[in-house]
Every structure is written in C-alpha cells, then in structure tokens.
Amino acid sequence: MTSSLRYNWRIVGHLPLLRQLESDVADNRLPNAYIFSGPPEIGKRTVMMTLAHILQCERDYCHDCITCTQIEKGIHSETIEFRDDGETLGVDPIRDLLARLSLTPSSRYKLVLIERAERMTVEAANCLLKILEEPPPQTLFMMTTDTIREILPTVISRSRVLQFQPCRKEELVEWLAAKYLAEDERKLDFAGEISLGRPGVAYKLMEDPAMMDFYKSLYADLTRFLQFNNIFERFAYLQNIVEDRQKINIFLDIFLNILRHKLLTEPAQRARCLAIIERVYEVKRTLRVPVNQRLLLEHLMLSF
Ligand SMILES: [Zn+2]
C-alpha cells in the first residue's frame, strides 16, 4: 500500500497525510510550523523524525550518511528535539532555543521538534510565538500533541495542523504479520483489534507479554461484566485500576472497543450499547479535569 509514496516512512497507515507531506517537500511549500495531532501511539513522532531525516539528508534520506546517523542518535546539532520527559516545558529552554536559532545554519534546515507541545507553559508558548511569527530562514518547527485543545490558539493559527486518524485493523494486522512471521494468527488479530488503530500499542502488545496479558484479561472481564450484573465483582475489579490513570484510559478504550463490536454484531443490544458508549465518553470527558476517579468509575459500573 505504500508503493505510491516516494520515501519509506517506516510506518503503517496515514497515507493521505504522508502524501501531503511529500508534496509539501517536493513543491517547497513548507509552513513555519507543523502540528501533528492525534491520540498517543499512533505514529506522530515517527512521522516527525522521518520528515527531519528527509529534510536534512543531503542524499535524499539515504539512512547511512553522517547526517542521517546523527539524527537517528539524537545528536544532530541543528535538529533540536524536546522529547517528552513527562515534565512541563518552561520558558528557559525556549529562550535558549532562540539564541541557538540565531546562529548561521550549517545544515540544510534548522529543525525544532517538540514532542507533546501541550507540555509548554503559557510563558513558553508565548515566547515560541515570537519565533513562529518571524522564524529565521530555513527554520521549521514540528510539534506533536495528544490534546490540541490544550495548545494556545495563537500557536495553532500559525501552524499547519495535520490530524492523524486511527489505522484500519486490516492494515495493522497485515503490518504485524509482515513483522512477526512466525506468530500465531489469533495473536496478531487480537493485537490489531484491541490496539484501536494505534500501531505503537499493537507493537508493544506483541513485544510485551505482560501488557498483552493485561489487555486480554481486561477484555475478558469487561465482556463478562456486560453479560452479568454482579456489582460486587465490578467494584472489586476497580481496585486494580482506580489509582492508575493510564490503566483507566486503557480500561475505557477497551470497553469502547467491545461495545462498538457488540453494536455491530448484536442488533438486539443496539440501544443498550449506544447508551453505555455515551456514558463512557462522558467519563472520558470528565477525566480531563481533576476528579474523584473512584466515584466516577463506580458510577459507570452501576449504570449498565
Ligand atoms: Zn542521509
């Protein structure tokens, strides 16, 4: 499926988006900044890094020149990356960046890569805005974000936003099958299904047996909860996840997956499934602000 692309983006899916990037590069119509927006583990950073290679390599993304090697190792002096370290990104590193960008370039571009740009404080984002308005020549910003609504509208309006869509399950399974030749088909199918179109999740599931077990047991438990209304079992189950936001997110995503599948395959359950889906989305929305997670989830468990 990737044969219509000029470069090897080392990624599954996102064909229309990659075509647009390739034509931006070919026509020399690069914006001052890109924002790659979409859920975690969907391929945003891979695309950002590959674009960095394509732009900086003197030999058309050859994979083995000094530039390509340095970018790969994260030591290329004019490909400046702010990796997501889980911390907020304050104004000082952005001020240092301003100073670095004012130096004469020695490579084709000065690239600034900001992973999860929503980590920027308002002060940092405002400082960045000044450069975004009038960047030094041959400078390109690339940012990724899981939640674009947390990024300043003034930053968004000065950027070209590309929205990443979940990959199709068939696409994912095909990709996994090519990667894991000896693997059991059912395992590939489960990983393709349960990862909700996110290649990063599918890959981790294949690589990490503990994670695979967690997903499998969650899938089995949630399927059972939908069949039997045993409130003691449901509440007891919450103990395992209620303190861990990441586990809660996985719990809600898998629940949605099961409900959507049921919606399509069991017409008699349609109204019930739609009502629960709406409730799960409501829980997801509520979780964006500080909230009593246990109460919220208990309420959800009581509602079906
Ligand atoms: Zn190269």
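This is a predicted model: local features need pLDDT of at least 70, side-chain atom pairs count only at pLDDT 80 or more; totals for chains, interfaces and linings use all residues.

**H7 against H8**

I started with the contact in which Lys 169, Leu 172, Val 173, Leu 176 and Ala 177 of H7 meet Leu 188, Asp 189, Ala 191, Gly 192 and Glu 193 of H8. Contact here means that the C-beta atoms of two residues, placed from the backbone, lie within 7 Å. By class I get 6 nonpolar, 1 polar and 3 charged residues in this contact. The classes are: Ala, Val, Leu, Ile, Met, Phe, Trp, Tyr, Cys and Pro nonpolar; Asp, Glu, Lys and Arg charged; the others, Gly among them, polar.

Residues are numbered from 1 along each chain as its sequence is written.

Next I looked up the geometry: H7 (residues 169–179) and H8 (residues 185–194) pack at about 140°, their axes 8 Å apart. That angle makes H7 oblique to H8. The scheme calls angles under 35 degrees roughly parallel, over 145 roughly antiparallel, 65 to 115 roughly perpendicular and the rest oblique. Axes are lines fitted to C-alpha atoms, for helices over the stretch in contact, with angles from 0 to 180 degrees between N-to-C directions. H7 passes H8 in a right-handed crossing. Handedness goes like this: left-handed if the near helix is turned anticlockwise from the far one by less than a right angle, right-handed if clockwise.

**The chain as a whole**

I zoomed out and found 14 helices and 5 strands. These are DSSP runs numbered from the N terminus, helices being H or I with at least four residues and strands E with at least two. The C-alpha atoms fill a box of roughly 65 × 45 × 30 Å along the principal axes. Of the 304 residues in the chain, 28% are buried. Buried means 20 or more other C-beta atoms within 10 Å of a residue's own, exposed means 12 or fewer, and partly exposed is in between, with C-beta atoms placed from the backbone. Among contacts with a separation of 6 or more, 72% join residues 24 or more positions apart.

**H4 against H5**

How are H4 and H5 angled to each other? They pack at about 15°, axes 8 Å apart. That makes H4 roughly parallel to H5, and their crossing is left-handed. On the H4 side I listed Val 91, Ile 94, Arg 95, Leu 98 and Leu 101; on the H5 side, Glu 123, Ala 124, Cys 127, Leu 128 and Ile 131. The class count is 8 nonpolar, no polar and 2 charged residues.

**Cores**

Which residues touch the most other members of the largest nonpolar core? I get Ala 124, Leu 128, Met 142 and Met 143, out of 34 residues. A nonpolar core is a set of buried Ala, Val, Leu, Ile, Met, Phe, Trp, Tyr and Cys residues joined through C-beta atoms within 7 Å. Elements giving two or more residues to this core include H1 (15–26), E1 (33–37), H4 (91–101), H5 (122–133) and E4 (139–145). H5 gives the most, with 6 residues.

Ala 52, His 53 and Gln 56 of H2 meet Thr 67, Cys 68 and Ile 71 of H3. That contact has 3 nonpolar, 3 polar and no charged residues.

In the loop between H2 and H3 I checked Asp 60. Asp 60 has a positive phi of about 60° although it is not a glycine, and counts as exposed with 10 C-beta neighbours inside 10 Å. Arg 59 is in the loop between H2 and H3 and is exposed, with 10 C-beta neighbours inside 10 Å.

**One more positive phi**

Asn 28, in the loop between H1 and E1, has phi near 55°. I count Asn 28 as exposed, with 6 other C-beta atoms within 10 Å.
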